[in-house]
Amino acid sequence: MLLTETFRPMNRKSDKNLVVGLDIGTSKVMAIVGEYVPGEPIEVIGFGSHASRGMKKGVVVEIESNVTSIQRAVEEAGQMAGCDIRSVCASISGSHLETHNSRGTAAIRDREVAAGDLDQVLESASAVAIPADRKVLYKEPQEYRIDGQDGIRHPVGMSGVRLEAGVHLVTGAASAVQNITKCIQRCGLAVDDLVPSAVASAKAVLTDDERELGVCVIDLGAGTTDIAIYTHGSIRHTKSLPVGGDQVTSDISQYVQTPTASAEEIKVKYGCALAQLARGEETIQVPSVGERPPRRLQRQALAQSIQARYEEIFEMAQDEMRRSGFENMLAAGVVLTGGAARIEGAQYLAEEVFHKIVRMGSPLYVTGATEVIATPANAAGVGLLLHGSRAPGGNRVIGGAMGDSVAGAIGKMKGWLHRNF
Ligand SMILES: Nc1ncnc2c1ncn2[C@@H]1O[C@H](COP(=O)(O)OP(=O)(O)OP(=O)(O)O)[C@@H](O)[C@H]1O
Ligand SMILES: [Mg+2]
């Protein structure tokens, strides 16, 4: 997609590339505008956040409200960045997402691998039989093999005849994919790419070493807990579990008998996911429902209730790691991110449950507005920027069409040189 199609610059005077990430979460919609020169860190030049309406457990349940939330967030981000946003890389989540590891093959057209051949091999791997009500929404190459030689990460420029690739595919319910796309398009925006939330978060918070050693990213959101597993440098498994911080809030609301908004406030202010970290004598004041006066509550008792829910979420994540078959290959352990990971004690509790090293993951690889942007809740939003700024195996500019046409032109030129000299 051409730069001018992606943005209509208002007061910007820069020849740098721009990219927009739109993270449509259950609790908030976050739009982030990044400016970059390929190969250098992205600088955040605008962002906008709005309470998310019309989403439940990561999927759209009410189009109009969702459209309003997206519009507000995107307008705010565009104003701050001084441009009119026309297209975005957006996140997708929800338990309808499924993961497949597939293989693709392609003939290397000019005896030297060009970006066009990578597209071909991805296409071939995506041609798997899936039910009519499902759709392949994301594909990422794992590793390549050329004429039987495997373990190749960067095949462009290598000589050969036959290219093969292992490809990670994520499929989703066609209706859920259509609904999220419809909401974005109703805001007058084109969708450059849809990226599963877990994959987006992983792009922002992981280091190459962790991916190589084996690592599991767990994005603890409001309505979903999104998981992505990497081993030997590549993505292997993704999952979106329909549980998250909203359940913790609702537990507190039941336990303390207080409205949801106060329960949310209590959680963020006093919450703790490991009861032993809260001192027995500590008490907090909590509002009651109706005309009843506020009461005092032991913080440790509150922490016990919170710990039970976090334990359950972590155990579900652990079951998923086991099901994936990669649980014992995660030498770099677990990286926790997402807003709900911010609660006190989450890291220690996770270490107890997973028996692995655990660290907190805030977005890396961006500059500008880091005090606002580089927080766990924005991992997916930043990951979308990173995804939009570099295509797998090459430097994509903005959007698909321009990157593909540039890559295609370079491929053709190389082929011509190869044949003629
Ligand atoms: N300091 C904190 N302590 C505990 N929970 C927190 C804290 N800050 C945020 N949260 C929780 O994090 C959740 C929001 O996280 P996040 O912004 O990552 O979710 P989301 O992306 O909107 O939702 P999802 O990814 O599930 O669709 C809410 O449940 C909120 O209560
Ligand atoms: Mg999220």
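**Stop one: around the ligand**

Select helix 7 (245-256) and helix 8 (260-270): each of them supplies at least two residues of the shell around ligand 1. Helices here are DSSP runs of H or I with at least four residues, strands are E runs of at least two, and both are numbered from the N terminus. Helix 8 gives the most to that shell, with 3 residues.

A quick word on what you're looking at: this is a predicted model, where local features need pLDDT of at least 70 and side-chain atom pairs count only at pLDDT 80 or more, while totals for chains, interfaces and linings use all residues. Residues are numbered from 1 along each chain as its sequence is written, chains are lettered from A and ligands numbered from 1 in the order in which they are written, and side-chain values use heavy atoms, with hydrogens and water left out.

Now show everything around ligand 1: 20 residues surround it (a heavy atom within 4 Å). Among the closest are Thr26, Gly223 and Lys267.

Next, pick lysine 28, where a side-chain N or O atom is 2.9 Å from an oxygen atom of ligand 1. Then try glycine 339, which has a backbone N or O atom 2.8 Å from a ligand 1 oxygen.

**Stop three: a salt bridge**

Finally, select glutamate 140 and lysine 203, whose side chains meet in a salt bridge at 3.9 Å, N to O (a Lys or Arg side-chain nitrogen within 4 Å of an Asp or Glu carboxyl oxygen). Glutamate 140 is in strand 10 and lysine 203 in helix 5, so the pair ties together parts 63 residues apart in sequence.

How values were computed
Polar contact = N/O pair within 3.5 Å; in protein donor to acceptor, adjacent residues only side chain to side chain.
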